[in-house]
Structure formats: structure tokens, C-alpha cells
Amino acid sequence: MSAAIELTGVRKRFGGTVALDLPELVVPERTVLALIGPSGCGKSTLLRLVVGLLRPDQGQVRVGGTPMSPATRDEILPRVGYVIQDGGLFPHLTALENTALVARHRGWPRDRVDARIRELLDLTRLDRELLDRYPTELSGGQKQRVALMRALMLDPDVLLMDEPLGALDPMIRSRLQRDLREVFERLQTTVLFVTHDIAEAAVVSDEIAILRAGRLVQRGKPAELTRAPADPFVTEFIAAQAPPEALGWSR
Ligand code: ADP
């Protein structure tokens with residue numbers, strides 16, 4: 001299986017803070033990897049490096065084998081979908097306009113845009129009638145479904161999600177976690193999914209990477225992290241959230 005995302009020798013500092021220091025991180029195609037760790041451990045920085053919003057001080061980021069650089073960013077960007085916590089929808093555009101924006105900008109004919117929107121409505125289980133609403137007229141969960149549609153419009157190879165469910169209430173959140181898992185399985189896409197909730201990571205992802213102060217502490221299947229923690233921090237981090245038996249870790 002080839003790598004969809006590869007970071008080699010990547011270091012990123014902000015002033016005196018090392019935000020990220022990753023000798024190697026490889027995400028194989030069709031893998032859903034959850035990035036988890038305390039606030040400030042470098043999760044968002046990692047996503048921003050993969051989408052080319054930040055450049056590493058050292059090392060290389062590859063997406064689908066192509067090294068990220070100012071020269072390749074325009075080529076890579078359409079292959080990467082990016083969803084942030086509040087959805088980041090443009091407030092002056094309707095849900096439909098938000099979703100279709102990039103495809104229209106790229107000159108897709110109307111029938112192609114319409115056909116893709118129909119597929120995405122089905123995939124994200126969004127009610128078609130909501131497409132004419134503006135973001136302020138949508139609930140948090142609906143906004144995130146629209147943000148997901150927008151991120152998937154160009155059928156990207158890689159999907160980056162930065163705490164996409166962080167602002168939602170527990171019931172909506174749990175429903176969306178299951179729906180997201182189903183979307184990932186149907187699309188067979190590669191996903192980097194940031195969360196600070198380990199139970200959520202266990203539902204949506206194949207593997208979990210635990211970060212601390214910019215470094216990778218351990219990576220593995222959810223059950224491996226409890227069975228064979230690489231560091232006391234892993235045990236502590238998991239125990240602080242929930243007892244493992246409450247997490248339903250069967251994957
Ligand atoms: P996380 O997403 O895990 O909460 P971040 O990747 O946002 O963590 O941040 C990692 C570290 O880098 C933190 O110490 C944060 O304060 C710092 N940092 C992130 N972005 C910036 C920035 N643009 N300027 C200065 N410091 C930053």
C-alpha cells in the first residue's frame with residue numbers, strides 16, 4: 001500500500017516553542033488516522049503543514065508522493081479536503097454556494113456540479129432543503145455536514161478534519177461520529193482526524209497517534225494503546241478520559 005501522506009524529519013517552531021518534531025509519520029492510503037493529545041501538542045500544526053498553510057522549518061511533507069512546496073501547492077490542494085471546527089463556511093453564501101464554490105471556480109459545467117451535489121447529499125445525509133440556507137440558519141451538526149460536502153466536492157484523495165465535532169452537543173456528536181465512520185468506509189479515503197476525545201477517535205479511526213509537546217508518543221490500534229502503552233503518559237491520558245472498557249474498543 002502506498003503512502004497518501006508522508007512527513008519526514010519535519011520540525012516546526014513558533015519562536016521558542018517546538019510545535020512539531022516528527023522524524024517520520026506515514027499514513028497509508030485508505031487509512032483513517034486520529035491525531036490525539038492535549039491542547040497545544042501540535043495536532044493543528046500537523047494538518048496545516050499537510051494542507052500547505054504552513055511550511056516546515058526542516059524536513060519534507062509529501063501528499064500522494066508529491067513533495068509540498070510553493071511550486072506544487074496548487075497542484076496538491078485540490079486533492080486535499082480540509083474541515084475545521086466550526087466548519088469555516090462563508091457566511092454570505094448559501095450551503096449550496098459554499099459547496100459548489102470551488103468546482104464552479106474550476107469551471108465545472110452546471111450538470112456536473114449538480115450531479116456531485118446529489119451524491120454528496122446522499123453521502124452526508126443532509127436534507128436537500130437545507131442547501132438554500134445560509135450558515136447562520138443551520139445547526140452546528142448541519143453546518144458540519146455542509147462543510148464535509150464542501151471538502152469532498154472535488155473528490156479529494158486526502159481528507160483533513162480538525163476537531164470537526166468539537167463544538168457539538170453529545171447526541172448530535174455521537175450520531176455524526178457514526179455517520180462519518182460510514183462516509184470514510186464508503187469513500188475508502190485517507191483521513192487525518194484531529195480530536196481530543198479518545199472515545200471519538202476509537203469510533204471514527206483505524207489507528208490513533210498520540211502526540212505530546214509536538215512529538216509522537218505512540219501510534220496503534222485503539223486496543224493496543226491500552227494493552228501495551230509505550231509511555232506512562234499514554235496510560236494517564238487514556239485514564240483521564242474514560243475507563244477503557246467504557247470505550248467499546250473492539251476495532
Ligand atoms: P493543538 O492543535 O494540538 O492544540 P497547535 O498545533 O495548535 O496544537 O499548537 C502547537 C503549539 O504551537 C502550541 O504551543 C501553540 O501555542 C503553538 N502555535 C501554533 N500556531 C502558532 C502560531 N501561528 N504562532 C505562534 N505559536 C503557534
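This is a predicted model: local features need pLDDT of at least 70, side-chain atom pairs count only at pLDDT 80 or more; totals for chains, interfaces and linings use all residues.
Residues are numbered from 1 along each chain as its sequence is written, and side-chain values use heavy atoms, with hydrogens and water left out.

Let's start with the ligand. Which residues surround the ligand? They are F14, T17, A19, P38, S39, G40, C41, G42, K43, S44 and T45, where a residue counts as near if one of its heavy atoms lies within 4 Å of the molecule.

Three of those names come back when we look at polar contacts, meaning pairs of N or O atoms within 3.5 Å. An N or O atom in the side chain of K43 is 3.0 Å from a ligand oxygen. For the side chain of S44, that distance to a ligand oxygen is 2.8 Å. And T45 has a polar side-chain atom 2.6 Å from an oxygen of the ligand.

Now the helices, which here are DSSP runs of H or I with at least four residues, numbered from the N terminus. Take α3, residues 95–105, and α5: their axes are 7 Å apart and the packing angle is about 20°. By axes I mean lines fitted to C-alpha atoms over the stretch in contact, with angles from 0 to 180 degrees between N-to-C directions. So α3 and α5 are roughly parallel, since angles under 35 degrees get that label, over 145 is roughly antiparallel, 65 to 115 roughly perpendicular, and the rest oblique. On the α3 side we find A95, N98 and T99, touching V146, M149 and R150 of α5; contact means heavy atoms within 4.5 Å. By class, that's three nonpolar, two polar and one charged.

α3 also packs against α4, residues 110–124, with the axes coming within 11 Å and crossing at roughly 130°. That makes α3 and α4 oblique to each other. Here L96, T99, A100, A103 and R104 of α3 meet V113, I117 and L120 of α4.

Last pair! How do α5, residues 140–152, and α6, residues 170–187, cross? Their axes come within 11 Å, at roughly 15°, so α5 is roughly parallel to α6. From α5 we have G141, R145, L148 and L152, and across from them in α6 are I172, R175, L176, D179, L180, V183 and L187. Sorted by class, the contact of α5 with α6 has seven nonpolar, one polar and three charged residues.

Notes:
Helices (H or I, at least four residues) and strands (E, at least two) are DSSP runs, numbered from the N terminus. Ala, Val, Leu, Ile, Met, Phe, Trp, Tyr, Cys and Pro count as nonpolar, Asp, Glu, Lys and Arg as charged, and the others, Gly among them, as polar. A polar contact is a pair of N or O atoms within 3.5 Å; within protein, one must be able to donate a hydrogen and the other to accept it, and residues adjacent in sequence count only if both atoms are side-chain atoms.
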